[in-house]
Amino acid sequence: MEPRKNSESPSGMPEDSFFAKDTARYRVSPDYVLREVAGECVMIPVGEGCKISNALMAPNETAVFLFKAFAQPARRAEVLQKALSEYDAPADVLCRSIDHFIAETVAYGILEEVE
């Protein structure tokens, strides 16, 4: 019997994927807070080190979920497990969404890599 190519881990990620092997941990910068205002979630820059200032950001439902998932240091795979239990979407779609969120928020200093 030949081994399966692109075998998947129990999480649904290909076992040989970068995502599955990534050990980086990320968390929301203390310079940003998420608050509910008039029934809507808003992200507010509060620290002096913010790249974005004098602005309120209105993240969508998925971004709010990810912001909360990264409130404490977490790895991509850990957040994927939470997302798989929350959303009815394939793991590869969720992986792309998480990667996009990380890339965009790290670029603006909203998410930071921690040890």
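Trainee: What share of the contacts in the protein chain with a separation of 6 or more joins residues 24 or more positions apart?

Mentor: That share is 55%, where a contact means heavy atoms within 4.5 Å. The structure is a predicted model, in which local features need pLDDT of at least 70 and side-chain atom pairs count only at pLDDT 80 or more, while totals for chains, interfaces and linings use all residues. Residues are numbered from 1 along each chain as its sequence is written, and side-chain values use heavy atoms, with hydrogens and water left out.

Trainee: Why does serine 29 count as buried?

Mentor: Buried means under 20% relative accessible area, exposed means over 50%, and partly exposed lies in between (1.4 Å probe, protein chains only). Serine 29 has a relative accessibility of 4%, so it counts as buried. This residue is found in the loop between β1 and β2. Beyond its neighbours within four places in sequence, serine 29 touches Gly109, Ile110, Leu111 and Glu112.

Trainee: What makes threonine 105 buried?

Mentor: The relative accessible area of threonine 105 is 7%, and the residue is therefore buried. Threonine 105 belongs to helix α4; with neighbours within four places set aside, it is in contact with Ile110 and Leu111.

Trainee: Why is isoleucine 44 called partly exposed?

Mentor: Its relative accessible area is 23%, so isoleucine 44 is classed as partly exposed. Isoleucine 44 is part of strand β3 (residues 40-45).

Trainee: Which residues have the most contacts inside the largest nonpolar core?

Mentor: They are Tyr32, Phe67 and Phe70, in a core of 28 residues. A nonpolar core is a set of buried Ala, Val, Leu, Ile, Met, Phe, Trp, Tyr and Cys residues joined through side-chain atoms within 4.5 Å. Two or more residues each come from β1 (25-28), β2 (32-37), α2 (61-69), α3 (76-86) and α4 (91-107). The largest share, 6 residues, is given by α2. Not counting residues up to four places away in sequence, phenylalanine 70 touches Tyr26, Arg27, Val28, Val79, Phe101, Ile102 and Leu111.

Trainee: Why are α2 and α4 described as roughly perpendicular?

Mentor: Their axes cross at roughly 70° and come within 11 Å. Axes are lines fitted to C-alpha atoms, for helices over the stretch in contact, and angles run from 0 to 180 degrees between N-to-C directions. Angles under 35 degrees count as roughly parallel, over 145 as roughly antiparallel, 65 to 115 as roughly perpendicular, and the rest as oblique. The pair α2 and α4 is therefore roughly perpendicular. Here Ala63, Leu66 and Phe67 in α2 meet Ser97, Ile98 and Phe101 in α4.

Trainee: What makes α3 and α4 oblique to each other?

Mentor: The axes of α3 and α4 cross at roughly 125° and come within 10 Å; the two helices are therefore oblique to each other. The residues that meet here include Val79 and Leu80 in α3 and Ile98 and Ile102 in α4.

Notes
Helix = DSSP H or I, 4+ residues; strand = E, 2+ residues; numbered from the N terminus.
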